[in-house]
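I opened the model today to look up a few local features. My notes follow in the order in which I took them.

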Amino acid sequence: MMLQAESLKKGFQQGGQEILAVNDVSFSVNKGETVAIVGPSGSGKTTLLSLLAGLENSDSGQVTIDGKVITGLGEAELTRYRGEKIGIVFQQFHLMPHLTALENVSLPLDIAGEDQVRDKALKALKNVGLENRATHLPSQLSGGECQRVAIARATVIQPAVLFADEPSGNLDTETGGRVTDILFELVKTTQMTMILVTHDMELAGKCDRILSIRGGLLQNSN
Ligand code: ADP
Ligand code: MG
């Protein structure tokens, strides 16, 4: 098993009321499996992904990734763990604007203290078809190219789990389709474990398994 979520809960105060964005969610994901989490806007997808990826603390419950309980780790240890084991692709790309494509992809390798950074980063760019964009800044790239750089950055460390939150949500349909094709091809050839959050059922259908979330509740966990 690669990821296990146990009884995860996360609430937010909204207008003096507590809403449970994630309400007692449990499920597990096998190594090499791809799982889509689908649900309408506001159903808790991004919050759940943030808990699973260790970006936010849950109110209760536990997350285990690749045999390690990440819940309760201190900030420094969690940051290091994320840097070495977790890849995240966001809807809004979140590239460093002052760094080139190659430098953006090199960053996780630099932080993890890996060797042959340039070669590895170039290979990751090549995997997303952008070896000829290495010295471009994000502002010199199209949206689709920016997301491909973000995919290269998220996968360059060969993460235990790749998380993607609406990876085509900020792109037009055709570009989004191309980018997610590249993503799925990469995930397949490297047998990566992926959790993909989306409201796009067609995209979700490319995953091995679909979980639905509504009002913070998982509808069909296993
Ligand atoms: P989704 O990604 O499915 O659209 P979210 O996880 O972003 O849903 O949000 C789930 C619920 O939690 C929504 O009602 C949202 O308004 C609320 N929420 C999310 N983040 C916060 C926050 N930081 N503060 C207050 N409420 C939040
Ligand atoms: Mg969201």
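Entry 1. For my own use: helices here are DSSP runs of H or I with at least four residues, strands are runs of E with at least two, and both are numbered from the N terminus. By that numbering, Q158 sits in the loop between helix 5 and strand 7. The model is a predicted one.

Entry 2. I looked up the backbone at Q158. Its phi is near 50°, a positive value in a residue that is not glycine. Is Q158 buried or exposed? Its relative accessibility is 69%, so I count Q158 as exposed, the cut-off for that being over 50%.

Entry 3. I then turned to Q191, which lies in the loop between helix 6 and strand 8. Q191 is not a glycine either, yet has a positive phi of about 50°.

Entry 4. Next I checked the length of helix 6. Helix 6 covers residues 173-190, which makes 18 residues.

Entry 5. Which residues of helix 6 are buried? I noted T175, G176, V179, T180, L183, F184, L186 and V187. They cover an arc of only 165° around the axis, so they lie on the same side of helix 6. The general rule behind such a pattern is that an α-helix has 3.6 residues a turn, so residues three or four places apart point the same way. On the face of helix 6 turned away from the buried side I found the exposed residues E174, K188 and T189.

Entry 6. What do the buried residues of helix 6 pack against? I listed three helices and three strands by name: helix 4 (117-127), helix 5 (143-155) and helix 7 (201-204), along with strand 3 (34-38), strand 7 (161-165) and strand 8 (193-198).

Entry 7. I looked at the N-terminal end of helix 6. D172 caps that end, with a side-chain oxygen 3.1 Å from the backbone nitrogen of E174.

Entry 8. Last, I looked up the largest pocket, which holds about 490 Å³ of space. The pocket is lined by 16 residues, and the closest to its centre are G83, I86, P108, I111 and R153. Helix 2 (75-85), strand 6 (86-89), helix 3 (101-111) and helix 5 each give at least two residues to the lining.

Technical notes
Residues numbered from 1 in each chain as written. Chains lettered and ligands numbered in written order. Predicted model: local features only at pLDDT ≥ 70, side-chain atom pairs only at ≥ 80, totals over all residues. Heavy atoms only, no water. Expected span 1.5 Å × (residues − 1). Buried < 20%, exposed > 50% of the residue type's maximum accessible area, 1.4 Å probe, protein only. Arc of directions from axis to C-beta. Contact = heavy atoms within 4.5 Å. Polar contact = N/O pair within 3.5 Å; in protein donor to acceptor, adjacent residues only side chain to side chain. 1 Å grid on protein atoms, 1.4 Å probe; cavity = no way out; pocket = protein on both sides within 12 Å on 5 of 7 lines; lining within 4 Å. Points joined across faces, edges and corners; volume = space filled by probe spheres on them.
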